[in-house]
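Okay, thanks for having me, everyone. Let me put the model up on the screen, and then I'll walk you through a few parts of it.

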Amino acid sequence: QRLGRRPQNPVESEPSSARLPDARSTTMPSGLPGLVVTVDDPTAESSYGGLGGHATYRVLTKHPDLGETTVRHRYSEFRSLRKSLLEACPGVLLPLIPEKKILANSSMLLHDADFLARRAAELAEFLSQVTSHQLCMASAELSNFLRWPQPLVLLVQEHAAAQELPPLERADGVDGADPLASSEGDLVAERDDLEAARIVLQRLASRQKDSATDTLLFGKLCQELSSHGHVAGLRAPLRSAADGTGAVAAALQAQAEANAVSDLLLRLGRFARLAGSALEQVALRRKLAERASSTAKRLADVSAKEGRETKDSKRDRLGEEARRLSILLQELRDAHAAFTRTLLWELGRFRAAKEDGLYCALRSFSAANEAHSQRVAAAWAATAAGVAGAGGGVGGGGGPGEERE
């Protein structure tokens, strides 16, 4: 059973150049030129016995030289992929997967076309970012998930290997000063402020839509009032107001609709989610540091016992354990240093992209709202002129309790 409306244009990853930006760049790393991944066509799959069920999504990979590969996945498999990539790509800011929706009647969601279209778009954004990130694109977890043919796997691996991370100082926070000591608090504030700004902007668009609705309703009421028998002198101004407020309402509605899908709104949400991803990586790095610290403590205890032990057999066993712990500790410290190096680079790119992206989006948003406001003002000016022109001799004298202008 095909569910809901099928998108006219599937959400795609955007092909881009292969140049790797440094930590100051305002763009994210680029994927393999010409590689496009789409997610679309949600389809209901019935569970055993016909009760419940789930949706699957078509994932299509296209490359101009290597053709197309198609596979279907359910939502839970996307979540499993992300979990695997967290382990395979430490320090990388992986985009968040949309949360699982839980309803008493989950089958309702299987027939909600808008929900399924939004989820497909969110899953497409996730794949677009991981397939364009040189630290993820060549992972076996990703190529297996997308069922890439071997020629494409080799091409992606070659592209990823040709790019290198910019050199960064090895300051891993285990033995020396931690370069990410204040990052968690900063990221929490960053994420919360970005999300709060997104919510307020979304509310603004909703209120603008309500304003358009109320303005249109006011125009209809003016039209109704003009039909009353006791307003003969006011009939023409009321009808003029009704006509004019229709144009005002249309201008307000256009502004509300533009703001509801503005690039600024989308970018605020995207960067808030990336800040959440960064917090996730900070927590994983902290766990790795704690494991290294506990291993160092254990090594110190074993070494101390070895020094006090008088029996050769026990001393040999303790010595062997100390050597094993020493190797493990060095591995953990190397992993922590690599994790820190990658995360520092990722945070630099994230903040550079955020500054540039929000600046451009703010400029566009401000200019668009200036233009919309001018159209609203022009519609009100035309309404005022129409009412004044239709008034004739009305308004020369005030009624009870009214003042003359």
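This is a predicted model: local features need pLDDT of at least 70, side-chain atom pairs count only at pLDDT 80 or more; totals for chains, interfaces and linings use all residues.

**Helices 6 and 9, and then the rest**

Let's start with a contact, meaning heavy atoms within 4.5 Å. On the helix 6 side we have Asp186, Leu187, Glu190, Leu194, Leu201, Gln208 and Thr215, and they meet Leu347, Phe350, Arg351, Lys354, Leu358, Phe365, Asn369 and Trp380 of helix 9. Sorted by class, that contact has eight nonpolar, three polar and four charged residues. For the classes, Ala, Val, Leu, Ile, Met, Phe, Trp, Tyr, Cys and Pro count as nonpolar, Asp, Glu, Lys and Arg as charged, and the others, Gly among them, as polar.

Residues are numbered from 1 along each chain as its sequence is written, and side-chain values use heavy atoms, with hydrogens and water left out.

Back to the pair. Helix 6 is residues 183–226 and helix 9 is residues 312–391; they pack at about 15°, with axes 14 Å apart. Axes here are lines fitted to C-alpha atoms, for helices over the stretch in contact, and angles run from 0 to 180 degrees between N-to-C directions. So helix 6 and helix 9 are roughly parallel; the cut-offs are under 35 degrees for roughly parallel, over 145 for roughly antiparallel, 65 to 115 for roughly perpendicular, and oblique for the rest. The crossing of helix 6 past helix 9 is left-handed, that is, the near helix is turned anticlockwise from the far one by less than a right angle, with clockwise being right-handed.

What does helix 8 do with helix 9? Their axes come within 8 Å and cross at roughly 165°, helix 8 being residues 263–308. That makes the two roughly antiparallel, and this crossing is left-handed too. By class, the contact of helix 8 with helix 9 has 30 nonpolar, eight polar and eleven charged residues.

Leaving out residues up to four places away in sequence, Leu325 touches Thr295, Arg298, Leu299 and Val302. Leu325 is buried, at 5% relative accessible area; buried is under 20%, exposed over 50%, partly exposed in between, with a 1.4 Å probe and protein chains only. From Leu325 to Lys297 is 10.0 Å, C-alpha to C-alpha, and 28 residues in sequence.

Now zoom out. The chain has nine helices and four strands, which are DSSP runs numbered from the N terminus, H or I of at least four residues for helices and E of at least two for strands. From the N terminus the order is β-β-β-β-α-α-α-α-α-α-α-α-α. Buried residues make up 39% of the 405 in the chain.

Over in the strands, strand 2 (residues 36–45) has nine of its ten residues buried, so it is largely enclosed by the rest of the structure. Strand 2 pairs with strand 3 (residues 54–63) in the antiparallel sense over eight bridges; pairing needs at least two DSSP bridges. As one example, Thr38 has Leu60 in strand 3 as its bridge partner.

Last stop, Gln157 in helix 5, residues 150–161. Is Gln157 buried or partly exposed? At 35% relative accessibility, Gln157 counts as partly exposed.
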